[in-house]
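Colleague: I would like to learn how to read a model like this one. Can we take it feature by feature?

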Amino acid sequence: MHQLLKSAATLIFATAFAAGVQAADAPMEIAGTQTVDAEGVITLIESTPNLVILDNRSEADYGAGHIEGAVRLIDTDINSPEDISAHVSGKEVPVLFYCNGLRCGRAAKAATKAVDYGYDKVFYYALGMEEWREKGLPLVTQ
């Protein structure tokens with residue numbers, strides 16, 4: 001019985017540890033970007049007519065609902081500066097990256113690549129679709 005409890009405790013600890021690592025996969029902030037929340041995204045859309053919104057999720061996630069005006073560019077398809085410049089006309093053009101949230105991590109990877117490629121007006125919606133849906137904000141579906 002003692003061994004069974006010890007094994008269960010070990011399993012619970014390992015599961016909690018793994019979940020903690022997974023939940024912390026994406027940072028809340030990335031050097032060279034400005035982190036925004038849902039309200040910040042709305043403000044950007046309303047006040048920045050040349051804003052490019054890049055949805056870094058899978059095709060299925062994008063099709064199930066995305067922010068109006070967003071173009072899908074999954075992070076794994078960003079392998080060079082040209083992959084971003086196909087959607088963003090210049091490195092001074094404001095660009096917003098988002099995905100499903102902190103557990104997803106795709107926007108963090110994409111935004112980091114944009115900064116590395118020299119984009120200087122990079123916005124990072126860290127909480128992404130998780131927060132957007134919780135707030136009941138509008139989505140475009142295909």
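Colleague: Start with a polar contact. Which side chain does T48 join, and at what distance?

Modeller: The side chains of T48 and S47 are joined by a polar contact of 3.5 Å. Keep in mind that this is a predicted model. T48 sits in the loop between α2 (38-47) and β2.

Colleague: Is T48 buried or exposed?

Modeller: Buried means under 20% relative accessible area. T48 has 16% relative accessibility, so T48 counts as buried.

Colleague: And S85, where is that residue placed?

Modeller: S85 belongs to helix α4 (residues 81-85). Its relative accessibility is 38%, so S85 counts as partly exposed. A polar atom of the S85 side chain lies 3.2 Å from the backbone oxygen of E82. Now look along the chain. S85 and A114 are 29 residues apart, and their C-alpha atoms are separated by 9.7 Å.

Colleague: Let us move to the overall layout. How many helices and strands does the protein have?

Modeller: There are six helices and five strands. From the N terminus on, the elements run α-β-α-β-α-β-α-β-α-β-α.

Colleague: In what order do the strands form the sheet?

Modeller: First the general idea. Strands of a sheet pair through backbone hydrogen bonds, either parallel or antiparallel. Here the five strands form an open sheet in the order β1-β5-β4-β2-β3, and the pairing is parallel. β1 (33-35) and β3 are the edge strands, each pairing on one side only. Helix α5 packs on the sheet and touches β1, β4 and β5. The direction of α5 makes about 170° with that of β5.

Colleague: What about the pairing of β2 with β3?

Modeller: β2 and strand β3 (residues 71-72) pair in the parallel sense over two bridges. D55 stands opposite R72 in β3. With helix α3 (residues 59-64), β2 and β3 make a right-handed β-α-β unit.

Colleague: How do I read the two faces of a strand?

Modeller: In a regular strand the side chains alternate between the two faces of the sheet. Take β2. V52 and L54 are on one side, I53 and D55 on the other, and all are buried. Both faces of β2 are therefore covered, given that buried means under 20% relative accessible area. Strand β4 (residues 95-98) is covered on both faces too. V95 and F97 lie on one side, L96 and Y98 on the other, and all are buried.

Colleague: Next, the core. Which residues have the most contacts inside the largest nonpolar core?

Modeller: The general idea is simple. In soluble globular proteins, nonpolar side chains tend to be buried together. The largest nonpolar core here has 22 residues, and V88, F97 and Y124 have the most contacts inside it. β2, β4, α5 and β5 each supply at least two residues of this core. α5 gives the most, with five residues.

Colleague: Which residues does V88 touch, leaving out those up to four places away in sequence?

Modeller: V88 touches V52, L54, V93, V95 and Y119. There is also a second, separate core of 15 residues, including A38, V41, L44 and Y125.

Colleague: And for the whole chain, what percentage of the residues count as buried?

Modeller: Of the 142 residues, 39% count as buried. Sequence separation gives another view. Among contacts between residues at least 6 apart in sequence, 72% join residues at least 24 apart.

How values were computed. Residues numbered from 1 in each chain as written. Predicted model: local features only at pLDDT ≥ 70, side-chain atom pairs only at ≥ 80, totals over all residues. Heavy atoms only, no water. Helix = DSSP H or I, 4+ residues; strand = E, 2+ residues; numbered from the N terminus. Buried < 20%, exposed > 50% of the residue type's maximum accessible area, 1.4 Å probe, protein only. Polar contact = N/O pair within 3.5 Å; in protein donor to acceptor, adjacent residues only side chain to side chain. Core = buried A, V, L, I, M, F, W, Y, C linked by side-chain atoms within 4.5 Å. Contact = heavy atoms within 4.5 Å. Pairing = 2+ DSSP bridges. Right-handed = clockwise from strand over helix to strand, strands pointing away. Axes fitted to C-alpha atoms, helices over the stretch in contact; angles between N-to-C directions.
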